[in-house]
Amino acid sequence: MFMIRLLLTGWALSAAVVSPAEENPPARFDSVLIDPYLPRAYQNAIVDINGDGRLDIAALGEGQESLVAWYENPTWKRRPISGGQTTDHIDMAFHDIDQDGDLEAALASDFNLGNTSSGGRISWLKRRENLNESWTVYPIGQEPTSHRVRWVDWEGKGRVELINLPILGVGATPEKALAAAVRLLAYPIPQNPVEEKWSQRVMDQSLHIAHGLYAGDLDGDGRGDLLTASAEGITWLVKNSDGQWSTTRLARGAQRENGYSGCSEVTVGKLNDGRRFLATIEPWHGSEVAVYVESATAPLTFGPRTVIDDSYISGHAVATGDFDHDGDDEILAGFRGEGWTIYLYNFNRDGSPAWKRWVVDRGGVAVQGISVADVNGDGRLDFVATGGLTHNVMLYLGKE
């Protein structure tokens, strides 16, 4: 059994961080309760918000009654980002927007999957001098069902743009998802982001039920790019020299004759031989974790599709990291439905299955979001998980 450590007194945690008794897991964690009640906790981020050199935690919740907050390392005191100024929060991404040396937050709020004609507010928020005050909110734009926001440096020169991925196109519904395609939007930062209106460009309009968004550098050319997870599968998007964007379909995801097809979440990992892999949840809010490993002879060619778990109920989070320092990234994934669990999958070169599974947490977090970083600076990767039905924020510290 892993040891459970509670930071806040007076609270009990019903779930244990466990592994099979007969085996040694590749990585072990101590769990820390960061917040016992963040209503409908959804996404989180690990960033140094106050600039003291230590990584803090930010988290947000869905619904009218929830909020956006950050937790200051090492006391994990909760401080406000946005309370009543915004509602129905769904995602956030941090960057020094006004170039004053402090991080600001881009925020997607006013989310309603049943309303594809209005809502989908995109804002940026600036921290006040008093850390106990909610941040100042400035407008960026609006697009119905805005669901994921990320910063991308397309040219690798420090000039980032904010990316906004809605789930549904205007006029579409989950039952009639093909009625309209999603507008994938880019917002360059104005010279004066406080006073100037933010412009927007439509990067792509070919996706449906676009749920997952990954920002990174897939081809290793020093320029940022995107991966989207949608009904069409995994799509790679890059910005060309002419300022336009091009897309490449890397994987189709789960294919169903009835119900949803494609992918719901996507992230990228790396094996110690240099090959990358895509880890996904499939299909939308689906039951399967799938992996696509890059070809050793054809870079940026991924496949075949390997389902490493088909037991999920409303799968909703996937991340990667080398938690055991063996040169191969492991996969962290979890689901928020009945029996909610977080699993760790370790690449297994020498036998079957190709990815071996361990339980990290069962019953403690109805996980909706996972972020990975070395939070306490000890050289081992940690992760943060936020739970919707459990309304909590948890930190899992890697240990020997």
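This is a predicted model: local features need pLDDT of at least 70, side-chain atom pairs count only at pLDDT 80 or more; totals for chains, interfaces and linings use all residues.
Let me start with P283, which is found in the loop between β20 (276-282) and β21 (288-293), where strands, like helices, are DSSP runs numbered from the N terminus (E, at least two residues, for strands; H or I, at least four, for helices). The peptide bond from E282 to P283 is cis, with omega near -25°. In the loop between β2 and β3 sits R40, whose phi is near 50°, a positive value in a residue other than glycine. As background, most residues other than glycine have a negative phi, and most peptide bonds are trans.

Residues are numbered from 1 along each chain as its sequence is written, and side-chain values use heavy atoms, with hydrogens and water left out.

Now to a sheet. β3, β4, β5 and β6 form, in that order, an open sheet of 4 strands with antiparallel pairing, and two strands are said to pair if DSSP finds at least two bridges between them. The edge strands, each pairing on one side only, are β3 and β6 (77-82). Neighbouring strands of this sheet are turned by 25° against each other on average, direction ignored, the axes being lines fitted to C-alpha atoms (for helices over the stretch in contact), with angles that run from 0 to 180 degrees between N-to-C directions. Between β3 and β4, which run antiparallel, there are 5 bridges, and N44 stands opposite A59 in β4.

What does N50 touch, leaving aside residues up to four places away in sequence? N50, which lies in the loop between β3 (41-47) and β4 (56-61), touches D56, W70, E72 and R127, contact meaning heavy atoms within 4.5 Å. With E72 the N50 side chain makes a polar contact, side chain to side chain, at 2.9 Å; a polar contact is a pair of N or O atoms within 3.5 Å, where within protein one must be able to donate a hydrogen and the other to accept it, and residues adjacent in sequence count only if both atoms are side-chain atoms. N50 and R127 are 77 residues apart in sequence, yet 9.1 Å apart in space, C-alpha to C-alpha.

The largest pocket is lined by 32 residues, of which N44, R150, L213, I370 and S371 lie nearest its centre. β27 gives the most to this lining, with 6 residues.

The second largest pocket, of about 300 Å³, is lined by 18 residues, with G158, R159, V160, E161 and I189 nearest its centre.

Finally, about 30 Å³ of space lies in the largest cavity, which is lined by A27, R28, F29, F323, R380, L381, G398 and K399. For these volumes, grid points are joined across faces, edges and corners, and a volume is the space filled by probe spheres set on the points.

Terms used. On a 1 Å grid over the protein atoms alone, a cavity is a set of points where a 1.4 Å probe fits but cannot get out, and a pocket is an open set with protein on both sides within 12 Å along at least five of seven lines; lining residues have an atom within 4 Å of a point.
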